[in-house]
Amino acid sequence: MMAYIYLLLLFLSYGVSLVTSRSFPSDEVMALTTFKEDIYEDPHLVLSNWNVLDSDPCEWFGITCNKERQHVIKINISSSSLKGFLAPEIGQITYLQELTLQKNKLLGIIPKELGMLKFLKVLDLGMNRLTGPIPPELGNLSSVVKINLQSNGLTGSLPAELGNLKYLEELRLDRNRLKGAVPAYSNSTFTANTRGMYATHSNLPGLCSSSQLKVADFSYNFLIGRIPKCLEHLPSASFQGNCLQANNTKQRPSSQCGAESSESHQAPSPKHQRAEDVAKRMKASKPAWLLALEIVTGIMVGSLFLVALLTAFQRCNSKSAIIIPWKKSGSGKDHVVVYIDSELLKDVTKFSRQELEVACEDFSNIIGSSPDSLVYKGTMKGGPEIAVISLCIKEERWTGYLELYYQREVLVIV
């Protein structure tokens, strides 16, 4: 009897574990899978146990789940030399609290979808190779405490929306290529406190509303203007290496800052004002025949443009709309240089696209699919059956490094 009860309890516990694993959100598993697919160099094989067939990722390297093992709450993969892109699908991991990927080789932009992570407390993407602007959507990270984007190649201005982060304590943006002024003001009134913040009448959001901010580093960018009074409690080293109007910190030479930093806040000189007035008077005093000639010329140019547009539209309609695998568009992207290692696959049998098209019945015999690929069945001349996989990857992401990685995978399979 006791043995029967023991077996029954064992069966029930096994059933509970199955229910728990099956209840894991599929969108989180898919987001992690996409993250792995966008990493095309993993020299230390830290993602080797990320098995896409396993619906429970809680045992994957760098992944931490909650106690109930129902949601991913941390992704921490640092100093692993991962090279690739940061997948926007990470924004679908709803309960994520920590995203730490510092000291890797991540490329591309910071996805704006990260702003959807309402429970995120730590965003650490420092010491990578990210480019582009800081997404204003990061101002929606209502729970974030730390943001580290230092030592990348970020450009553009500082989003004023970062002032919406009322729990932000640490902000590191040093060693990028950020420009513009440091946004200071907020949409609420502040009184002086131990940090030296002051009342403001502006309706613009800004870092002065981040009342919890204790550590911030803006050094070695191309920021202009003055240091906001509400940030004067920070060490002077936090603003060095910029184009700011600050006497107590070492700034860049004017040759690196350009004319923008010195003239951006100056009123136009009297000479420039007089030149603008003369130009306006000249425009107002044009003779009637000259105006008529300009109108006629504009109509002719517009007509020619319209005819060319209609002709191009008709030609596009006359083409087939069928999408065929490996069929590139006629855009300039066809000329992207891809470095191919001819020695790597010299012993691998190669087929032309025409041979594969015939074998796979014009790519109509689909036997499998996934969100990023299609599998076709074909029969070559002579009898052997083959399977052809067509990958669905954005063309701008198919770099020379990814091509070489794909060739190595083909070599392993063969």
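Numbering the bonded cysteines of the chain in sequence order, what is the pairing? The pairing is 1-2, 3-4, 5-6. The model is predicted, so local features need pLDDT of at least 70 and side-chain atom pairs count only at pLDDT 80 or more, while totals for chains, interfaces and linings use all residues. Residues are numbered from 1 along each chain as its sequence is written, and side-chain values use heavy atoms, with hydrogens and water left out.

The structure holds 3 disulfides, a disulfide being a pair of cysteine sulfur atoms within 2.5 Å. One of them is formed by Cys-58 and Cys-65, with sulfur atoms 2.2 Å apart. The torsion about this S-S bond is about -105°, so the disulfide is left-handed.

Another disulfide joins Cys-208 to Cys-230. This pair links distant parts of the chain, 22 residues apart. Cys-230 lies in the loop between strand E14 (222–225) and strand E15 (243–244); strands (E, at least two residues) and helices (H or I, at least four) are DSSP runs, numbered from the N terminus. Cys-230 has 1% relative accessibility and therefore counts as buried.

Cys-243 and Cys-257 also form a disulfide. Cys-243 is in strand E15 and Cys-257 in helix H3 (residues 254–257).

Turn now to the sheet. Its 7 strands form an open sheet in the order E2-E3-E5-E7-E9-E11-E13, with mixed pairing; two strands pair if DSSP finds at least two bridges between them. Strands E2 and E13 stand at the edges, each with a single partner strand, so one side of each lacks a neighbour in the sheet.

Methods:
Buried < 20%, exposed > 50% of the residue type's maximum accessible area, 1.4 Å probe, protein only.
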